[in-house]
Amino acid sequence: YQYSKGKQQMNHSGTKALESRRCYMRKLEISDSKQLFENVYSDKKVSGYMSWDTYSDEAQVVDYLRKWQEYYDQNECYWGVFLKENDSLIGTIYLYDENPAAGVGFISYCFGSGFWGNGYATETVRVVLRYGFDEIGYNNIVTFAAESNIRSQNVLQRLGFKNEATLRMRDKTEFGIEDCVYFSLIEEEMK
């Protein structure tokens, strides 16, 4: 199948401040290290589904955020997600080029388990997807989730992502080496 509405040029303007009804998203700063460590990166329920190990101290997060300050200078798109009501840092969202020639982006996100089940991921990922289509100019945005990560798969399906394939033995989770479900979203299919 050939798509006639492909965008020809992408606009990489980096991490711009965004907001949803209950959250705001912005570049992470070194001063966010305490909250990022306590609310997300030290959370074994989160790292259990991620390719990185649980962080054991805040200094690791400081080092990580120092690297990101350099990536921001290269127009990378990585947001901290904060609750408007109390400025709590509840997660992160990363959007980057998967196949620039075809206008394909990749989205990744993680939220502290204390914030799961409230619709924050669906609400904020939707805003970042819109940014990816409208501002950057992606034709398609893809991602994957471990087979065991049903919550994340549900978020993606609520947003209109389609299950494209199973990537066998793709990722390490707390359950071992797992298959992952590969999803894609074309702008017209977004919910």
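Two strands count as paired if DSSP finds at least two bridges between them. Keep that rule in mind as you look at this predicted model.

Start with the parts list. The protein chain has five helices and eight strands. Along the sequence they follow the pattern β-β-α-α-α-β-β-β-α-β-α-β-β.

Now turn to the sheet. Strands of a sheet pair through backbone hydrogen bonds, either parallel or antiparallel. Here, eight strands form an open sheet with mixed pairing. Their order is β1-β2-β3-β4-β5-β6-β8-β7. The edge strands are β1 (18–19) and β7 (162–173), and each of them pairs on one side only.

Zoom in on one pair. Strand β2 covers residues 23–26, and strand β3 covers residues 77–83. The two run antiparallel, and four bridges join them. Find Arg26, then look across to β3: its bridge partner there is Gly80.

Step back to the whole chain. With 191 residues, a compact globule would have a radius of gyration near 16 Å. The protein chain has 16 Å, so the two agree. Its C-alpha atoms fill a box of roughly 50 × 35 × 30 Å along the principal axes.

What about contacts? Take those with a separation of 6 or more: 66% of them come from residues 24 or more positions apart.

Next, inside and outside. Buried residues, those under 20% relative accessible area, make up 49% of the 191 residues. The accessible surface comes to about 9900 Å², and 45% of it belongs to carbon and sulfur atoms.

Last, the charges. The protein chain has 22 positive and 28 negative charges, and their mean positions are 5 Å apart.

Note on methods. Residues numbered from 1 in each chain as written. Predicted model: local features only at pLDDT ≥ 70, side-chain atom pairs only at ≥ 80, totals over all residues. Heavy atoms only, no water. Rg over C-alpha atoms; globule rule 2.2 N^0.38 Å. Buried < 20%, exposed > 50% of the residue type's maximum accessible area, 1.4 Å probe, protein only. Contact = heavy atoms within 4.5 Å. Areas by Shrake-Rupley, 256 points an atom, 1.4 Å probe, with all protein chains shown as cover. Lys, Arg positive; Asp, Glu negative; His and termini not counted. Charge placed at Lys NZ, Arg CZ, Asp CG, Glu CD.
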